[in-house]
Amino acid sequence: MKSGKKKNYNFIVGGTITGLMLIFIIIGFFYTPYDPNAMDPSAKFAGISLKHLMGCDNFGRDILSRVMKGAGTTLSVAAGTVFIGTFFGIILGAVTGYFGGILDEILMRVNDAIFAFPSILLALVFISLLGSGTYQVVIALGIAFIPSFARIVRSEFIKCKNMDYVKNARLQGAGHLRIMFVHILPNTFTVLLSAIMIGFNNAVLAEAGMSFLGIGVQPPQASLGRMLSEAQTYLFRAPNYAIFPGLVIILMVLGFSLLGDALKREE
Amino acid sequence: MTEQKDILTVSSLCVSFQDRSKGLFQKKNRIQVLKNVSFSMKEGEVLGLVGESGSGKSTLAKAILGLIPYEGKITQVSSYPQMIFQDPYGSLNPAKKVGWILEEPLRLKGGPDSAKRKERVREMLIRVGLDEKFADRYPNQLSGGQRQRVCIAGALMQEPRLLIADEPVSALDVTIQAQILELLERLHKEMGLSILFISHDLRVVYQMCDNVMIMKGGELVEQGTVEEVYFHHKNEYTGNLLQAAGIHI
Amino acid sequence: MEKNLILQVKDLNIEFHDHLIPETVVYDFDLDLRVGEIVGLVGESGSGKSMSALAIAGLLSRKDMKKRGQILFDGVDILTCERNVLRKIQGNDIGIIFQEPMTSLNPLKKIGWQVEEALRIHTELSKEERYYRVIEMLRDVELEDAERIYHQYPHELSGGMRQRVMIAAAMICNPKILIADEPTTALDVTIQAQIVELLKRLNREKQTSILFISHDLSLVRQLCRRVMVMQGGYVVETGDTEEIFNHPREAYTQKLIAAIPKVVRKS
Amino acid sequence: MKRKGLKSLLLVFVLTTLAIALSACSGDKEGENSSQITIGIPQDLEDSLDPHKAVAAGTKEVLFNLYEGLVKPASDGSFIPAVASAYEESEGGKVYTFTLRDGVKFHDGSTVTAEDVKFSLDKCADTSAGDPLVAAFSNIESVDIADEKTIVVTLKEANTEFLAYMTTAIIPASNENPDTNPIGTGPYKYVSRSPQENFVVEKFDEYWGEPAHIENVTFKICSNTDSLVMDLEGGSIDMFARVTASQAAELSDQFEVLEGTMNLVQALYLNNAEAPFDDVRVRQALCYAIDPDEIMMMVSDGKGTELGSSMFPAFSKYYMEELNDTYNQDLDKAKALLAEAGYPDGFSFTITVPSNYQPHIDTAQVLVEEFKAIGVNAEIQLIEWDSWLSDVYQGRQYQSTVVGVDASNLTGAALLQRFTSDAHNNFINYSNASYDEAFDKAIYSTDDAEKTKYYQECERILSEDAANVYIQDLPEFVAINKKYTGYEFYPLYVQDIAKLRLAEE
Amino acid sequence: MKYAGKKLLTMFLTLFAVTLFVFLAFHVISGDPASSMLGTEATPARLEALREEMGLNDPVLVQYARWAGRFLTGDMGTSYSYRMPVSDMVTDKIPVTLTLTILAFFMMVLISIPLGIYTAKHAGGVIDRIIYIFNQIIMAFPPFFSGILITLLFGRIFKLFTPGGYISYEKNFWGFVGYLFFPALAIALPKAAMAVKLLRSSVIGEARLDYVRTAYSRGNRTNDVLYKHVLKNALIPVVTFLGMALTDMIAGSIIIEQVFSIPGLGRILLTSISNRDYPVVMAIIVCISLLVLVVNMIVDMIYGLIDPRISVE
C-alpha cells in the first residue's frame, strides 16, 4: 500500500521520540543533576548554561531536574489514568456490548451523563472529596476516562459477538465469561491499543490542564502543567521556564500519537 | 443393516421474532419464521435441506443447536451437535492459532492433559487432509478450502453424532468444492456421522444426500429421497427450483 | 476491423505494481466481440477474468497498473486514449454491472438519481425527458411501480430488484457493449434465472453484445454461445459452449466440468 | 454547480473571519474626551455591596470610594471629619457627640439626615442575629438624636480607640436593597457591574469635600494574575495594586512602580492546641530554623519588612522593631530545642495554604526547604479559599498555615484581640493568662501612653512565647501608568481613587 | 416523532442525574456558602443564624427538591456571593461562551473540510506529508500552552489584539467578536487537526468501495465522483466527531477563558465553585449539560438527514 512508507516512517520517528522520552524520565527517577526542590537564591532566573542546561526558575531551582521529575509525575499520572480507564472500560464495555438489553441501556445512559459532565468539575469534586495530590488526580481522571474506553470496547464486542466463531465456541460448551475474555477480547487488542495511545495523550493534556488550574499535583512537587502556569508570569524575563516544560509535553504526546498511528495502520 | 434408530426428530417446530422496527409503544407483531416443521433423521443419514434465502433454513439449524428459543419439540439422541458455517473467514477466531482453535473443544470438554490434546489435534489435521505444521499458523494465512477443512476438524473434535453443515461449500470455487464434499463423504462413512446438509445448490445436494427436504417461507413443502423429489416432484415450487438450476429431467 | 466486430482485444497483459514486487494477473488475452454476441468468460477466483473485464471497461487505475496490448473499440484504444475520450465511451457505449448489488449502489442517493446519472453526463436531455427515460427503463427491466422505486433508496430494495436497477443504470444510454461481472452470484437460484432471462431479452431487443463473467459453468451454458475458459491469468480454451461442454480439449477444462455434480438417475 | 457553490461558500467564510480579526485591533481605545482609568483587581466583588455586610478585603478596598463614615481615615493613620463636621469626646471617652455637616448629599441626591446616621449605627449594633455586624459596637449603650444636627453616642465602658469604629459607613434608610444597589456619600458613585468582568463607578459631582479628579473609573477583573504583565503592557489596564516583585521588575518604563507595604502580618500560624505545637520549645525551634531575609529574597526580591510579632510598621505607635531579633537563625539551638522537646531527629507536619495567594504559596515552599536543615519534614497542602475558611479558620482542623492577617480598622485591638483566650476568631487556639491580662489593661486604659505600653507588652509575649513563626509584612507594589499620578498608600487595605489625577493636569 | 420523544426523555433523565450528582457532590466537599459569605468575620452564632436562614441545615434531598421545584418554574434563585438573581448573571454570560464555542467550531470546520479533502485527493503527496506532520504537532499542543503562545505571538509581538482587552458585546459587537478570534483559534486548532486526519482517512476509505467504481463506470470526472458521491458518505463519521468536538470545546473554553481572561460561563463556574455558590453552579451546569445534549440531538438529526438508513430505525 502507498502509505506503507509513511507507516514505518511514523514508527521510526514515533519510536525514537518516545524512547528518548522514556529514557529521559527513567533517569529522572534515579538521578537528577540537582535536587528538584533545592533553592539557590544566587541562581534566581539563571539563563541556560552548562551548569543548568535549562536554566533556573524564580526560586533558583534547576529547571532540568524539575522537568525530569515533572515528566515522571505526568507520565505516571497518565499511565495510572489510562490503566483505570482501560480496566473498568473493558469490563463495562464487554458486559454492555456482549449482553445488551436493559443493562446496556442503563449503563450507556450513565456513560452519556459522565460524558456530558465537564471533566474539570468531575475532577474538582473528586479532589475536594479525597484531597488533592497525585493519587487523587489519577483516580479523578481515571474515572473521567472510563466512558470513552467503555464505548470503544462496547462497539468492538457488538461487532464480534455475532461472528460464527463465537457461535462455535458456545456450541463447544464455552461459558459466557470465557467467550468474552478468552475469545473476543484478543480481537479487540489492535483497536484498544490505538485507543490507549490516544487516551494516554489526552491524559497527559488533562493532567497538565488540571495542574494549570491548580487542582492537580501539589507544590513543591514538580508537574509540567503547574510549571507552565507559574512560568506565564515570567514569560519575558525567563522564557525558558515556560518553553522547556511545554516542549517536553509536546514531545511526549507527539511520540505516542505517532506510535499510535503506526500501530493503527498495522491491522 | 439393523433398524437404525432416529438420531433427531423435530415435531411441529415454530419460531417467531419480535418485529423491532415498530416504535416503543406500538403493538408488536411477531413474524413467523418457522411454521410447525416436522421431520426425523436416521442415524448415519445425510439429510439435505434446500431453500432460498429467507426460507428459514438457517433458523431451523439454530433451533436444533439450541441457539434460539422455539416452540414445539426437538429430541436428539446425543446432545452437543456441531456445526460448520458458510463463511470460512468468520468461523475461525482470527486472533488465535489453528492449533489453539482445535484444542479448545478438548479443553472445554475436560479433555486429557495437553500433550494428549496436541496429539489428537495432529491426528485430526491429518485426517482432514492438512499437514501437521498448519497447527501454528493463523487463520488469515490459510486459503478458503484449508480454512473449511480446519472448521470440519474443529467440529469433529468432540466426536459429535450429528453435524449440521450450513452452506459449507457455497463460498468456495468449484474444484475446491469438490474436494471438500469428497472429504465430508469420507468422514460420513468412516465415523457413521449423520449430517444435516443445508444448501441452495440442488446439484450439490443431489450428490451428497440420501433424502432431501424443500423449504419455502418457513414450511417444508416436500420431503423424500433425492430420486423421488428430483424426478417425480409433486410440489410446483420444487419444479421451479429444478428448472431454474437448469436440471431438465 | 470486420464490419460486425464491435470490440477487439489484442494480446492484453496486466501487471500489478502497488505491492513491492510486480505481479502479472493477465497474460496475452485476446477477444473478438461481434455485435449482439454473448461471450462467456469462465474461471475460478484469481483466474484474471474480472481484471480483463475491468480493463475493457477502462476502470483499472493507470498509476499502479502497467498494461500492454490493445483494446480497440470503434477505432479507439481504450488503454492509451485521452481520459476525456475514455469518459465519453464509459457509460455511453460500454455499460458494466457488478456482483454485489448491495454495495454497488450509492447508499445515500435515490435510485432515480443514480440511474439517470449516465444520461446527465452523456446527453443534453431536460430533467423531465430524463425522468421519463428512467421510468421507461425501470419498467423495461421488469420493475413494477417504477414511479415509487424512482424515489426510494437502495437499502429499501431486495437483492434482485437492486440488480435490475444496476442493469437499468448500465443500459440507460443504450450502450453497444454490456459487461456483466458475476451479476447473479449473490442472488437466489430463482432470481438468478430471471436475471439471465432479462439479459437474453435485452440482448435480443437491443442487439447489445454482452461479456458475461462467471465461475458457474452451468449458468454460462444457459446464456452464452461462445465461452473462454481462464486459469491463472491465461486463456486455457475458447470455443462454442456446447462443443466445449461435450468435448473439453484441455485438462483443466475437463477437471472443471467434472467437478460439477451431475444429476443423473442413480438406480 | 455544486462544487462551485461549495468553493464560494468557503471563500465567504474566510473573508468574514478575516474581517472579524482585523476589527479586533481597531476596537481598542474609545474616545479619550472625559478622563477615565481602568484599574485591574485580582478578584471580583463576590460579596454584598452593603458596606456593613461586605466581608472580603477586595470588596471593602473598592467600597472605600463609595461610602464614608462620620469620620474618615487619612493616609497618615489619623481620622478626619467626614459626614460629621466635628466631634468631641467627653466623660473620659464614654460619650461621643457628633455635629452633622450640613449639605452632605447621598448619591441619589437626597440629603443626609440624623435619622440616616442613627439607622446606620443601630443596624451595625443590632444583636438580634447573635453577634452585631461590627463586633466593637457591642460596647455601645445608646445612639440618640439630640437635634437636627447632633448625634450622641454613649458607650458602656470608655475606650479611647472607639473613634476608629466611627468610620462605619452611613447609608440612607430609604435604600431597600443595599446589597446590590450601593448608595453612599463617597467621592465616587456606582454605575454598573458585570460579574467576573468589571465594576464601573463615576465621579459624584455633588460630593461635599474636594471632588475626585478622574471622571469614570472601571475596575476590571483580571483573575489570571499570571498574565498581568501582558495585560498592563498590552494597555487593557492602566493600574494594578499589589503586583509581585518579579512582575514589577518586568514592566517597561511606561509604568511607574510605587512601593509600600501590604499592612498584614505574614507568618506560619501554628495551631497551639495540636501536638507538637502545644510545646513552646518546638515552636521556638521553628522560629530559630527560618531566615526571614532569605524568604524575602526568594519571594519578593528582598523587598518587604521583617516582623517579630503580630504588628506592622503602619501602626508606628505600637510597632517594636527589636522583636525581629528575638529569633535570629540558629540551627544548632533549633536542633537542641527539638531534642529537649523529645524530637531528636525532627518530625513531619503539614502546611495548609489557600490556593489563591501565590506569595503565601511561594513562602511555604521556602519554609519547607529551610525546615529540612533541622530534620523537620514539612508537606504543603493547597486547598481552596472557601475550604480554608471553613476547615482552618472556623473549624481549626489544621497543623499550620501560611496567611497574612490584616487589621480591619486602625486600632491596636484589631491585630491583638485575636490572641486573647476567649476571642471568637482565635483560630490558632492561643491562650496565655499573662497575655489576656495585659490586653485587658490596654483596652480599658484611658491614657494613650499606658495603652501603648500594654499593647507592646502583648507583642513581646507573642514573640517570646513563639505563638507563631513571624516572617514579614509583604511589600506592596502598585504599578500605575505614567499618565496618572497622585496615588497615596494607606495603613489600611484600601485604594483611594479620588486622589488620582491625570499627570499633565 | 416517537424517535424524538425517546430522545427528549433520555435527555431529561441525564440532566436529572447530572444535577443530582452535582448537588450531592457539593454537600460532600468541605466548605459551605455560609462560611464563604461571612468570611473571616464569621462568628459561630452568626454562622448558625445564616445557615438556618438559607435552609442549609435541611437534609440534602429536601434542598435539591426545593431547588429543582423553583428551577423548573424558571426561578434560578439568587447568587449567594453576588446577591444578584442568577438568571441575570448567567443569561448575559451565555452569549460569551456560546460565541466563543461557535466561532471556534466554524473555524474548525473551515480549516478541516478543505484540508481534509485536499490531503485525501493528493494522498501520499509532499503537501499531504507536510500537513500530516503539522497536524501531529498541533494535536500535541496542550490548549493553554497554545493559548499562551498565541497571546505572546499575536498579542505582544504582532500586536494584532490587546491581550486581556476583552470588549463586552453590548459596547462594541465586532470588537467583542474580534477579541474572541484568537482564543477561538487556540480552541479550534487541535480539534481541526484531528478533523483533517479523520476526514482524510474517511474519504480514502470510501473511495475504495464498489459504488465509487460504479460511478466511474458511468463516465464521471474524478472531482464529480469526489463531491457528488464520496464526500457525503465520508462526512458521516466526521459528523459524529464534530458533535463530540463541540462538547469538548465547551469544556475546553473553561481553560481558554482563564488564559485570555474572558468573562464567560467557564470563569463564573470556577469562581462559584470555590465560593460554594450552589445556585450559580447548578444553573451553569444545567446550561452546559443542556447545550451538550442539544448538540447531540442536532448531530442525530443531521445523521437522519444525511443517511436515510438511520431515520427509518
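A salt bridge here is a side-chain nitrogen of Lys or Arg within 4 Å of a carboxyl oxygen of Asp or Glu. By that criterion, three salt bridges link chain D and chain E. The model is predicted.

**Contact between chain D and chain E**
- Chain D contributes 54 residues and chain E contributes 58 residues.
- The buried area is about 5,000 Å², and carbon and sulfur atoms give 60% of that.
- One of the salt bridges joins E:Lys93 to D:Glu197. Their closest N and O atoms are 3.2 Å apart.

**The chain D side**
- Elements giving two or more residues are helix 1 (2-26), strand 8 (188-194), strand 10 (216-221), helix 4 (228-234) and helix 10 (385-394).
- Helix 1 of chain D gives the largest share, twelve residues.
- By class, this side holds 19 nonpolar, 17 polar and 18 charged residues.

**A sheet in chain D**
- Four strands form an open sheet in the order 4-5-7-6, with antiparallel pairing.
- Strand 4 (84-90) and strand 6 (140-147) each have a single partner strand, so one side of each lacks a neighbour in the sheet.
- From one strand to the next, the twist averages 20 degrees.
- Strand 6 pairs with strand 7 (residues 150-155) over six bridges in the antiparallel sense. D:Ser142 has D:Thr154 of strand 7 as its bridge partner.
- Helix 3 (residues 114-125) packs on the sheet and touches strand 5 (95-100), strand 6 and strand 7. The direction of helix 3 makes about 175 degrees with that of strand 6.

Definitions and conventions. Residues are numbered from 1 along each chain as its sequence is written. Chains are lettered from A and ligands numbered from 1 in the order in which they are written. This is a predicted model: local features need pLDDT of at least 70, side-chain atom pairs count only at pLDDT 80 or more; totals for chains, interfaces and linings use all residues. Side-chain values use heavy atoms; hydrogens and water are left out. Contact means heavy atoms within 4.5 Å. Buried area is the accessible area (1.4 Å probe) that two parts lose on being put together, summed over both. Ala, Val, Leu, Ile, Met, Phe, Trp, Tyr, Cys and Pro count as nonpolar, Asp, Glu, Lys and Arg as charged, and the others, Gly among them, as polar. Two strands pair if DSSP finds at least two bridges between them. Axes are lines fitted to C-alpha atoms, for helices over the stretch in contact, and angles run from 0 to 180 degrees between N-to-C directions.
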